[in-house]
Amino acid sequence: MIDRINKQTGLMERALDAYWIRNEVISSNIANFETPGYKKFRVNFETLLNEEREKFSISSIDKNPKFLPIGKDRPLLKEITITRDYSTSMRKDGNNVDIDEENAELTKNSIKYNVVSNQLAKELSLLKQAINGGR
């Protein structure tokens, strides 16, 4: 059971890392809004995160059917990919950063970061409460 808790908190920690990296990339895109020829970067990890999150559902992994399966060793999250978008241009100078889109993405990313951060804090608080015997 402790192993399962560790994997869940580990997954949340990795998600926070990924959201932080995305925040840095979006901030870089915003900073280069007026740079001629600049092509924006994107961070992709949600599909991988969702795949890993789905693996936490109880499944039959134990050889003995008398025991309740509680999880299995799995990687927490594959590598986060940062890609450059060469497909579009917003202006004649070749820059493809849409400042409104980037600001919206930054806001959305900040909200997701805060949600996961709060979830992790609650999970750790519950674990602390269990260790202290409910006090």
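Terms and values in this model

User: Where is Leu124 placed?

Analyst: Leu124 is in helix H3. This is a predicted model, in which local features need pLDDT of at least 70 and side-chain atom pairs count only at pLDDT 80 or more, while totals for chains, interfaces and linings use all residues. Residues are numbered from 1 along each chain as its sequence is written, and side-chain values use heavy atoms, with hydrogens and water left out.

User: Why is Leu124 called partly exposed?

Analyst: Buried means under 20% relative accessible area, exposed means over 50%, and partly exposed is in between (1.4 Å probe, protein chains only). Leu124 has 42% relative accessibility, so it counts as partly exposed.

User: Why does Arg22 count as buried?

Analyst: Its relative accessible area is 10%, so Arg22 is buried. Arg22 belongs to helix H1. Contact means heavy atoms within 4.5 Å. Apart from neighbours within four places in sequence, the contacts of Arg22 are Val43, Asn44, Phe45, Glu46 and Asn109. Arg22 and Asn44 are 8.4 Å apart, C-alpha to C-alpha, and 22 residues apart in sequence. Buried residues make up 27% of the 135 residues in the protein chain.

User: What makes a set of residues a nonpolar core?

Analyst: Its members are buried Ala, Val, Leu, Ile, Met, Phe, Trp, Tyr and Cys residues, joined through side-chain atoms within 4.5 Å. The largest such core here has eleven residues: Met12, Ala15, Leu16, Ala18, Tyr19, Val25, Val43, Phe45, Ile80, Val116 and Leu120. Helix H1 (2–31) and helix H3 (99–131) are the elements that give two or more residues to this core. H1 gives the most, with six residues.

User: How do you know that Tyr19 and Phe45 form an edge-to-face pair?

Analyst: Rings of Phe, Tyr and Trp (its six-membered ring) pair if their centres lie within 6.5 Å; planes under 30 degrees apart are stacked, over 60 edge-to-face, and the rest tilted. The structure holds three aromatic pairs. For Tyr19 and Phe45 the centres are 5.0 Å apart and the planes are at 75°, which makes the pair edge-to-face. Tyr19 lies in helix H1 and Phe45 in the loop between strand E1 (41–44) and H2, so the pair ties together parts 26 residues apart in sequence. Tyr19 counts as buried at 6% relative accessibility, and Phe45 counts as buried at 2%.

User: Why is Arg84 said to lie over the face of Tyr38?

Analyst: A charge sits over a ring if NZ of Lys or CZ of Arg is within 6 Å of the ring centre and within 35 degrees of the ring normal. Arg84 lies over the face of Tyr38 at 5.3 Å from the ring centre. Arg91 lies over the face of Phe33, at 5.4 Å from the ring centre.

User: Which helix has the lowest confidence?

Analyst: Confidence is given by pLDDT, the predictor's value for each residue, from 0 to 100. It is lowest in helix H2 (residues 46–54), at a mean of 65, and highest in H3, at 92. The chain mean is 79, and 70% of its residues reach 70 or more. Over residues 66–77, pLDDT stays under 50. Where pLDDT is low, the predicted coordinates should not be read in detail.

Conventions. Helix = DSSP H or I, 4+ residues; strand = E, 2+ residues; numbered from the N terminus.
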